[in-house]
Amino acid sequence: MKRVISGIKPSGELNIGGYGGALQPFITIQHEYECFFFVPDLHAITVTQDPKELYQRSKDIAAFYIAAGIDPKKSAIFIQSHVPAHAELGWMMETQSHFGELSRMTQFKEKSDGKDSVSAALFTYPALMAADILLYQATHVPVGDDQKQHLEMTRDLALRFNNRFGSTFVVPEPIIQSLGSRIMGLDDPSKKMSKSNPNRNSCVLMLDSPDEIRKKFSKAVTDSEGSVHLDWEAKPAVSNLIEIYAVFSGDSIAAIERQYEGQGYGSFKRDLAEVVVEKLIPIQERYKEIIDSEELITILKDGALKASEAAKATLHQAKRAMGFVTF
Ligand code: AMP
Ligand code: TRP
């Protein structure tokens, strides 16, 4: 049986980078695998969170999963902290993680860079992420490019545990889309599109109005060549826009290049904004319908039940393997 687990942290407002790298691939994948999509709130608190914002954003991510098209009848949608097995197995995986390998994680280095003090949990985060995945015996994990290293560590931990304590965990494979797995900032194509960038024009948010979206794309940096073709080395800014166009329209890169041949950037950027607006409007409408609804609460309760059932067996097996007293 092929099984998928993945999640998007509720650590900021969702942007089209998270949509391209994760949410849209979830929608496609749900038909081919048994899927678990969760809101990793335990991961969000590895950096300081305002409690009101964490509350709202956790509900937001769950609502976006549904609004973007994940069918809760087919896939479990749940909040990580509703399934305590994550924290339990997370601790067990932490005991199997080495200080050296955790020190090599790029995301930790980036997030701790220049800070006087960071939480111990930010450092041990990959052990919890490994637990999230291994608990469900997931065969595949769809993520954006920046999570590749964490996935590699998950595989190492699974193999290490299996070797030491006997075969317990499935060793998962990442699924990284060829398109959209690394959407860059609109103001600077050398940096990942991120909600933490203080320049508001660098990032299109899932709840931006059509006019905001148009404004952001009209201000997006390009180059002086005036030719719409993909070349990440020589034309990173335009290549990023072409990739966003492809992700949101479903058109191939070649078709986009053909369509805008000899036209400069003006009409390309205007059309790109419309392609994104067209995709986001129905998602925004559905989001507004469910964000404060009973329906959302029911979906999250059902999802947590289904996830707890699936997690229980693996946790029990891992505890026995390690020598815990279990009945
Ligand atoms: P996060 O919001 O950091 O939890 O990211 C959620 C998912 O979206 C992860 O799979 C990330 O790899 C992916 N992701 C986040 N930002 C981007 C981006 N700019 N481009 C592509 N994927 C992204
Ligand atoms: N670490 C991921 C991110 O920052 C979020 C995440 C936590 C995750 N646990 C996961 C993704 C398990 C996939 C599977 O984007």
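1. Start with Arg57. Arg57 counts as buried, because its relative accessibility is 17% and the cut-off for buried is under 20%. The model is predicted, so read this value, like the others below, as computed from that model. Arg57 lies in helix α3. Beyond its neighbours within four places in sequence, Arg57 is in contact with Pro10, Ser11, Gly12 and Glu13.

2. Now the overall make-up. The protein has 13 helices and 5 strands. Its radius of gyration is 21 Å, close to the 20 Å that the globule rule gives for 327 residues, so the protein is as compact as a globular protein of that length. Along its principal axes, the C-alpha trace spans about 70 × 45 × 40 Å.

3. Of the 327 residues in the protein, 52% are buried. Take the contacts with a separation of 6 or more: 75% of them join residues 24 or more positions apart. The accessible surface comes to about 15,100 Å². Carbon and sulfur atoms hold 52% of that surface.

4. Helix α3 returns at a pocket. The second largest pocket has a volume of about 240 Å³. Two elements give two or more residues to its lining: α3 (51-68) and α13 (294-322). By class, the lining of the second largest pocket divides into 7 nonpolar, 3 polar and 4 charged residues.

5. Rolling a probe the size of a water molecule over the atoms shows where empty space is left. How many cavities of 30 Å³ or more does the structure hold? It holds 1. The largest cavity contains about 40 Å³ of space. Its lining consists of Met105, Gln107, Phe108, Leu122, Tyr125, Pro126 and His150.

6. Look at where that lining comes from. Helices α6 (106-112) and α7 (120-134) each supply at least two residues of the lining of the largest cavity. Which helix gives the most? It is α7, with 3 residues. The lining has 5 nonpolar and 2 polar residues. No charged residue takes part in the lining of the largest cavity.

7. Stay with α7 for Ala130. Ala130 is found in this helix. Is Ala130 buried or exposed? Ala130 is buried, because its relative accessible area is 0%. Not counting residues up to four places away in sequence, Ala130 touches Thr154 and Leu157. Ala130 and Leu157 are 27 residues apart in sequence. In space, C-alpha to C-alpha, Ala130 and Leu157 are 7.4 Å apart.

8. Gln137 deserves a check of its backbone. Gln137 lies in the loop between α7 and β4 (140-142). Its phi is positive, about 50 degrees, although Gln137 is not a glycine. Gln137 is also buried, because its relative accessible area is 18% and buried means under 20%.

9. Turn to Asn162. Asn162 has its place in helix α8 (residues 148-165). With a relative accessibility of 14%, Asn162 counts as buried. Which residues does Asn162 touch, not counting those up to four places away in sequence? They are Ser167, Thr168, Phe169 and Val171.

10. Finish with Leu241. Leu241 has its place in helix α10 (residues 236-249). Leu241 is buried, with a relative accessible area of 2%. Leaving out residues up to four places away in sequence, Leu241 touches Leu186, Phe217, Ala220, Val221, Thr222, Phe268, Lys269 and Leu272. Asp231 is 10 residues from Leu241 along the chain. The C-alpha atoms of Leu241 and Asp231 are separated by 11 Å.

How values were computed: Residues are numbered from 1 along each chain as its sequence is written. Chains are lettered from A and ligands numbered from 1 in the order in which they are written. This is a predicted model: local features need pLDDT of at least 70, side-chain atom pairs count only at pLDDT 80 or more; totals for chains, interfaces and linings use all residues. Side-chain values use heavy atoms; hydrogens and water are left out. On a 1 Å grid over the protein atoms alone, a cavity is a set of points where a 1.4 Å probe fits but cannot get out, and a pocket is an open set with protein on both sides within 12 Å along at least five of seven lines; lining residues have an atom within 4 Å of a point. Grid points are joined across faces, edges and corners, and a volume is the space filled by probe spheres set on the points. Helices (H or I, at least four residues) and strands (E, at least two) are DSSP runs, numbered from the N terminus. Ala, Val, Leu, Ile, Met, Phe, Trp, Tyr, Cys and Pro count as nonpolar, Asp, Glu, Lys and Arg as charged, and the others, Gly among them, as polar. The radius of gyration is taken over C-alpha atoms; the globule rule is 2.2 Å times the number of residues to the power 0.38. Buried means under 20% relative accessible area, exposed over 50%, partly exposed in between (1.4 Å probe, protein chains only). Contact means heavy atoms within 4.5 Å. Accessible areas come from the Shrake-Rupley method with a 1.4 Å probe; for residues, only the protein chains shown count as cover.
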